[in-house]
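Dear colleague,

Here is the structure I promised to hand over, and below it you will find my notes on what turned up in it. Please read them with the model open beside you.

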Amino acid sequence: MATTPTQAFIFLAFFALLTSSLCFASDPSPLQDFCVADAASNVFVNGFVCKNPAIVKADDFFLSGLNKPGDTSNPVGSNVTQANVAQIPGLNTLGVSLVRIDYAPGGLNPPHTHPRATEILVVLKGTLYVGFVTSNPNNTLFSKILYEGDVFVFPQGLIHFQFNYGHSNAVAFAGLGSQNPGTITIANAVFGSRPPISDIVLAKAFQVSKEIIDKLQAQFWPHN
């Protein structure tokens, strides 16, 4: 995808917002300049053990490839390319990460939550219908149609989604306030858990028959 001057400006503005989010990250504040994740360590801590600073390299803070579209040939028609501590070890303790989201026409990033992060999303290409739902008892939906250059915020832990409202491919980038925000996709978690949640429980919760629950669980087990 060729980058226009407008898209380049949007991208730089977005990263300025992303950088400022470090001050409000949900992860604990670092106590040193950096703490590059040592993936080879067998010590279990909240996050990752620091690599010896003497062997840290620039590549520990680097990732390439976010200019490449993700494969959207899947049932929901979207693809999320991660840039968190698993891909960039230098993000450890810094409380921030990034994703690229590609959407086919009619593609959906289905309702999900990030238990450890607020998300700020900017649309680089296309038109998206986005929204989030507040917690009980109100369950209020806040939604908006976003166009190229528009920004929307999804508060930490709340169910949210993005749907490609247009007839062509769409692209968005999102910053998240955690090195490892986590993702719980609602349908996959409820209908595709292993072992499965009892269909009696789900039938009662959704006020439908067990037969409907069984059909839904059969849809999600092959893909989870």
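Tyr103, once its neighbours within four places in sequence are set aside, is in contact (heavy atoms within 4.5 Å) with Thr72, Gly77, Ser78, Asn109, Leu121, Leu128, Gln162, Asn164, Asn169, Ala170, Val171 and Ala172. This is a predicted model, in which local features need pLDDT of at least 70 and side-chain atom pairs count only at pLDDT 80 or more, whereas totals for chains, interfaces and linings use all residues. Residues are numbered from 1 along each chain as its sequence is written, and side-chain values use heavy atoms, with hydrogens and water left out.

Tyr103 also belongs to the largest nonpolar core, which has 17 residues, and together with Leu121, Leu128, Val130, Leu146, Phe152 and Phe154 it touches the most other members. A nonpolar core here is a set of buried Ala, Val, Leu, Ile, Met, Phe, Trp, Tyr and Cys residues joined through side-chain atoms within 4.5 Å, and buried means under 20% relative accessible area, exposed over 50% and partly exposed in between (1.4 Å probe, protein chains only). Strands S2 (97-103), S4 (119-125), S5 (128-133), S7 (151-154) and S9 (170-176) each supply at least two residues of this core, and S9 gives the most, with 4 residues. Apart from this core lies another, of 12 residues, among them Leu66, Ala83, Val85 and Val96.

As for the chain as a whole, it has 4 helices and 10 strands, taken as DSSP runs (H or I, at least four residues, for helices; E, at least two, for strands) and numbered from the N terminus. From the N terminus on, the elements run α-β-β-β-β-β-β-β-β-β-β-α-α-α. Buried residues make up 36% of the 224 residues, and of the contacts with a separation of 6 or more, 71% are accounted for by residues 24 or more positions apart.

The search of the whole structure finds 1 disulfide, a term that stands for a pair of cysteine sulfur atoms within 2.5 Å. Cys35 and Cys50 form it, with their sulfur atoms 1.8 Å apart. Both cysteines lie in the loop between helix H1 (5-20) and strand S1 (78-83), so the pair ties together parts that are 15 residues apart in sequence. The torsion about the S-S bond is about -105°, so the disulfide is left-handed. Cys35 counts as buried, at 3% relative accessibility, while Cys50, at 35%, counts as partly exposed.

Not counting residues up to four places away in sequence, Pro111 touches Ile159, His160, Phe161, Ile184, Thr185 and Ile186. Pro111 and Gly131 are 20 residues apart in sequence, and their C-alpha atoms are 9.2 Å apart in space.

Phe220 lies in helix H4 and, at 22% relative accessibility, counts as partly exposed. Leaving aside neighbours within four places in sequence, Phe220 is in contact with Ala187, Asn188, Phe191 and Gly192. The C-alpha atoms of Phe220 and Ser193, which are 27 residues apart along the chain, are separated by 8.7 Å.

With best wishes
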